[in-house]
Amino acid sequence: MNSIKISDSEVVVMCNRKMLRVLVTSMLFTTAYCGNLSLAADPVSEDGNLTASEITGSQTFNTVRVMSNTEATVQQGDKSYSVVNKSKNGWNAVGGAKGIIGTDDPRVSYIAGNVINVLNKEGSTVTIHQLRGGENEESGSPGQRFNSLMNNIINIGNYTELGGTLEADEITGGFSGQADEPKALPYDNVINFKNMTVEHSDKTQRLKIYGGKVGDDSKSTSLMNTIGNVINIQNRAVLNQADVYGGYTNVNIYGGHVKYAEINLSGQSDLIKTNLYGANIRRHGDNISSVLNIGYKENYALHTDGKFPDGNELNADNWPSETEKGKGTCLTLTPEREAWQYGKNTSIQNIGEFTTVKVWTMVNEDTPAIQINGEGNFIYHTSDGYELKGTTIDVMPLTSGEGNAKVFFTDLKPDDQRMIIEAKTGIYEKNGVRATLKYKGLNYTYNLTQGENRLAGSYKGDAVIDGNNVVWKTGDVTISSVDISQMTLDASGKQVNPLSLEKYRYIFNNDTKLSTDGIRVTDEGRELIAPSDSLTLIDGSAAQALSGMDALNRTDIPLSYDMNKGAVTVEGKGGIAFSADQKKLDYHITQTDKLTYHTLDWNDTQPVVSLTPGKTYHLENTTVDWSALQHQGLANLRGGMNERTLLDAHGSDSGLTNRNLKGTPQHLVSGTTLEGIGQAAVKDGNVIYTADMHAQNQTHNVLMGWEAGLAALLESNDLVLDTMKNLDKSKDYVNTFATIGGGENRYETGSHITTNIWRSQAGFAVKNTEKDGAQAEYGLFYDYGDGSYRTYYNGRGNGKIDYKGAGIFGKRIEANGTYEEASLRFGRASNDAKNILHDAEGRGYHYKTDSMYNAIHLGFGKILDRGNGNSLDTYFRFFHTHLNGDSFDAGGHYDIDSLDSNVARIGTRWQHQDHRFEYYAGLAYEYEFSGKAYGTADGADIEGASIRGGSVRFEYGTSVDTGKWRVAINGSDYAGKRRGFNGNISLTCHIW
């Protein structure tokens, strides 16, 4: 670097500011036009003023670097100058360039491309009372022209390091004080606030910052505008009590417009009690497209070989247009989204006079893009200094996805909101002029799934002005479809699965598709669902609001549900209605068409179906169909009239009559015991099913089997007689005996039974012949019988009989042949019946009874000797036999009464004695006076069986006496009520 050292003794020559300017300028021109003169002195500023163009001689592409209150550098191309500040109050004024007086040379007619970098170490302070990127002033020389101040850059702080504090009174990107020169306007100048704290040098006053400025508070100009000036507040910049303006004009006639001014907020910049204004138009002019960009910055690049536009060829109204902004200059601006994470101490005090406030991005959806804490902020702007116009609040970038940017608010729930602009006092309307919102709305889909129930809809998201704030709000859910077709409604308990709405606001309408076709109603209880009963389909109790639900399709829904564990199916129609509290969509029965009864359980004494007391039912058009009624628990039926209530109306008039009933009398069969007719009828408003039951015909077989048991006992009476007859001819004193016999007998009982019984008696007896020739005999014996029987009544049945017991007998024969006899037997008889009972499915039932019995016989007669070994025995005998009753279960419950037999027999027997042999034959008639069996089957009387009647008995036999033994063989045949054959063998042994 070539430099000229200016000694302390020479400073006095340059102490005057104008003299320094002329000297430097003359030296630069001499260098440019007259030869290779080098500047060898480092500039010194006595008054704290530093203008780069006065040092370099160039109004373009000067770079100034201020690092402290005492030193700075100025660079132009490959030349660099160190400037020393002698002022004790810091820098009075620092600028990139000023218009040169007295020349129209186009090479110096632009004040452009100058860069001022203010840097300082953290904890240090630099003071620059007036900081301007470029400026021009009125020259006072007619015909001189000063073109635009453009593309001048002020960087306060760098991008990476904190830079301490800058104290300033005014910071301006481009300042013009030129009068009557429309081309001398500040244009596309940039101020970047980065990593420094900036505040007024006098802490009690407010710092003024202008992107572009025409005139000032003390002096007005004419014809000029500010255009396209940019202020970036970014990184960790701190602006303390500053008033920031995109543009300022004090123009007394024509122009005075502030065009395309930008203030951009990004990074973690902190604005402590700072105000942001798009324009400050003091007299005349329009505020045209001044924008506050939030979450946005303009990155710049300077090109020293760029072409400046020729402002002489354009007029003030069309140079430059918005589309030409940044074109044909040495500056390139590149936009970048970067969220503004405003400081924690405070945010913006006030904002105003912006035509547009645009939000490009946010830190996150829960942090507002901007907070405004002042009392006088406004979202409107003045035009032409007087007319109010509404500010456009543009939040389009947040939801448009422009340039693949992050889209916000995509996951909001219905009736939700997020703050975009939060203001302590928001004035969005004044004198009838209201701010407008620019945004791209979002459409959200809403799906609610609970089990198989589904609800679908949509809701919108919009930006709205809400009180003092600008917020993003989502709206109510408009329902497009509701599918509750798979819902199950339980009328007997708590409803399991209504579609429960969430805490939002829901809108239903005529276009809402409601699917209900598959709704299933269940009712495990016994109470018929009443029309007044409501089963909830959609529960909106938790919703903030519901509307339009009454517009949903009210078409009848087919209904079919089972009650009481499937005993009854109810068919009809259901409908929907809005509940009285306007919170639920309910299902109710509109029509009950049919009650179909499937089962009637006779174990259950409760009504199959009941109407709920106090509720109104309309069943006059309801069919009660019991035609296919199946029965359970028929074993609980009893003989006679049995009733069960199919429908209990509890005394209410539901409109039911016998005309509502459908069904024909049913044949009922209960196990093996009962059968009868069942049918339904309406009685006192109730539907009653009556079963008139009587004993089945087959139950008669039980009594026939009982008669068979009695018959087996009757057949043993003849064994006692045979034993006594054998003892009549035996020797005196002690004898043992045994008698065994068997036979087949048929007894008429209305139908008949046939018995095949083996029987025996064994015991001992004492015989004694008295002196007068009379004989007396007494005996004690064991009584046993075993056999089978068959019944013949509506088919065959069979069973087995056995009995065991003991008996005694006694007989006395007088010498004249007259005799008396008696016997007593008692024991237990068993009857094992098989295949005499069958149920309706053909299953056979087996049962066994066990009963006590006793039998008595009394007789008398006279034996007449007819000579030649012949005798005639004429007799009368009476037999009483008793068999106790019993109870058993065999496809039902049976109670069998005790059974008695009273038989009288009269007859005569011819006997012939030939040495040791005796032969006899006889004929008798006997009559059964009793012999009738009774019993009940499940309470119904069984058709009785009786063996009462007369029979003829023919007997024959022979005996032989060996001295010690006496053996008798005999047989008997019956005709009449009793028919059959018996044969017996009796043995008597004299032992003492």
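This is a predicted model: local features need pLDDT of at least 70, side-chain atom pairs count only at pLDDT 80 or more; totals for chains, interfaces and linings use all residues.
**View 1. A salt bridge between E135 and R132.** The side chains of these two residues, E135 and R132, approach each other to 3.0 Å, taken from N to O. E135 has a relative accessible area of 5%, and because buried means under 20%, E135 is classed as buried. R132 is likewise buried, at 6% relative accessibility.

**View 2. A salt bridge between K297 and E336.** Here the N to O distance between the side chains is 3.9 Å. K297 belongs to strand β33 (residues 296-302), while E336 belongs to strand β34 (residues 331-337), so the pair ties together parts that are 39 residues apart in sequence. The surroundings of the two partners are described by their accessibility values. K297 is buried, with a relative accessible area of 8%, whereas E336 is partly exposed at 33%.

**View 3. A salt bridge between R434 and E429.** The side chains of R434 and E429 meet at 3.3 Å, N to O. R434 has a relative accessibility of 41% and counts as partly exposed. E429 is also partly exposed, its relative accessible area being 43%.

**View 4. A network of salt bridges that includes D718 and R905.** Salt bridges link D718, R905, R909, E926, R953, E955 and R978 in a network.

Note on methods: Residues are numbered from 1 along each chain as its sequence is written. Side-chain values use heavy atoms; hydrogens and water are left out. A salt bridge is a side-chain nitrogen of Lys or Arg within 4 Å of a carboxyl oxygen of Asp or Glu. Buried means under 20% relative accessible area, exposed over 50%, partly exposed in between (1.4 Å probe, protein chains only). Helices (H or I, at least four residues) and strands (E, at least two) are DSSP runs, numbered from the N terminus.
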